[in-house]
Amino acid sequence: MKTKSNIEKILESGGFVVTSECGPPRGADPEVIRKKGNLLKGVVDAVNVTDNQTSVVRMSSLSACVILKEMGFDPILQMVCRDRNRIAIQSDILGAAALGINNILCLSGDHQKFGDHPKAKNVFDIDSIQLIQTVRGMREEGRFLGGEEVKGKPILFIGAAENPFADPFEIRAARLGKKAKAGVEFLQTQCIYNMERFERWMGMVRDRGLHEKVAILAGVTPFKSVGMARYMKNSVPGMDVPDEMIERMKGVPKEKQPEEGIKICVETIQRLKEIPGVRGIHIMAIEWEEKVAEIAKAASLLPRPTSNS
Amino acid sequence: MIVANRKSLEEILSMINPFKKVLLLGCNECVTVCAAGGEREVGVLASELKLWYSKAGKEIEIKEHTIERQCDHEYIDQIKGFVEDYEAILSMACGAGIQYVAEKYRTKPVLPMVNTTFLGVTLEQGVWSERCQGCGTCILDQTGGICPIARCAKSLLNGPCGGSSNGKCEVDKEIDCGWQLIVDRLKELGQLDRYEEIIPVKDWTTSRDGGPRKRIREDLRL
């Protein structure tokens, strides 16, 4: 064990990991986080806390992580390169470690165009792969990017995201290879709807032996309605929703659509569990956290092995 | 070349409102090539302004003049003889030219008639596209001759991000994904293995972040 991360512990013992996410509110009320947290108790091994996702201003990821930590969760601090330069990033890494956060997810970040402040200046001083290197260097070599010594290394389990559905497809496994080289330890994928393409990507990942270097957690998001499925297909960057999914959601009456969405999600998880190299599931029930327990149960992911909450 | 866009007539009118006699100064370099501030555009803007003033029943005197370059003092000096006859200079040059004219004629307001946008190329008649951000440390040898700083919306040195779809950028379906272009070109060059190399954290001191830049060639100085 390199860190105190709950997911690292489960992965080391050969277990299958379940994570979910919690989007902080657009306000200062901590109760929103606690309410979402309560819905995930005993259901997940760690919780991602998003960092101003889709470039909409929200409570800071680190603050929400601390609230969840107080509830007994093992939060995963998401950190994007859009809003901070290397000085602020390294400072927040130290702060997170000091507050007992054990996991970090290194991301580039959505472009600010999609958010509530499209006129903002972006930073992108470093990119997600360089962010992985940064955390690794601080933890392993005890050095800041500038070369100075870190007094009190931040012991964080290092994660990243990858989108097997983005283009160019041919370099998507190579890109994971770069992340592995940079020092990433776990990976959460974009929501999987196109199973055929995901399996092809996993094949490329296994050909490179990357599944042995990086624990791959497959991402899923249940559809609440056919409208959401269409929105994901047409308006969310990098999302690949096959037409048959839309047809399937369209095929049931409106009031039955949430149920159908969950059914699709559970079937997807069951297929994902069979794919060699998939070490866990990341359930992103967007503003639908109350369904995570139901999904996990139906997909036979409960009880969790060493639930620390 | 430096690519610029002429400002709207409305914005220009609000800037020149206090003046009755103005010198409209074009530039024969980049802004001529990108049809924003050359002799032709000086003529067009002067006509638009005269028409607007005559319709509004107001008076304005506009002197049209275009010099070779507004970024070289020897050409800026050429207007010395008559610049005092005007209350303001309306510069149609890029931001560099506008400022250099202002530095030379310190008591004259120098007003920008264009928005300076990017360093780019002519894609076709009437279409220009960005290629360079002048970061001061060129890595085009590593990225198949396509710049990730200028052509990726996030300037990712190790792209593409997860928003690249069918060759396009997540920001706009009209924008090519810079990293798709890099991968395509590396393939054409037979250098796709270069993609596997991690490009290290960039030193931005040679870019704007290091403060205003200056280049000195001692061997050329007089």
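This short talk covers a chain contact, a sheet and a helix pair.

Hi everyone. Please keep in mind that this is a predicted model, where local features need pLDDT of at least 70, side-chain atom pairs count only at pLDDT 80 or more, and totals for chains, interfaces and linings use all residues. Residues are numbered from 1 along each chain as its sequence is written, while chains are lettered from A and ligands numbered from 1 in the order in which they are written.

Let's begin where the chains meet. Chain B brings 22 residues to the contact and chain A brings 24 residues; contact means C-beta atoms, placed from the backbone, within 7 Å.

Now to the sheet in chain B. Three strands form an open sheet in the order 1-6-7, with antiparallel pairing. Strands are DSSP runs of E, at least two residues, helices are runs of H or I, at least four, and both are numbered from the N terminus; strands pair if DSSP finds at least two bridges between them. At the edges sit strand 1 (2-6) and strand 7 (127-132) of chain B, each pairing on one side only. Strand 1 of chain B is joined to strand 6 (residues 114-124) of chain B by five bridges. Within strand 6 of chain B, Val114(B) is the bridge partner of Arg6(B).

Finally, over to chain A. What residues make the contact between helix 2 and helix 3 of chain A? From helix 2 of chain A come Pro30(A), Ile33(A), Arg34(A) and Gly37(A), and from helix 3 of chain A come Ala64(A), Ile67(A) and Leu68(A).

Definitions and conventions:
Contact = placed C-beta atoms within 7 Å.
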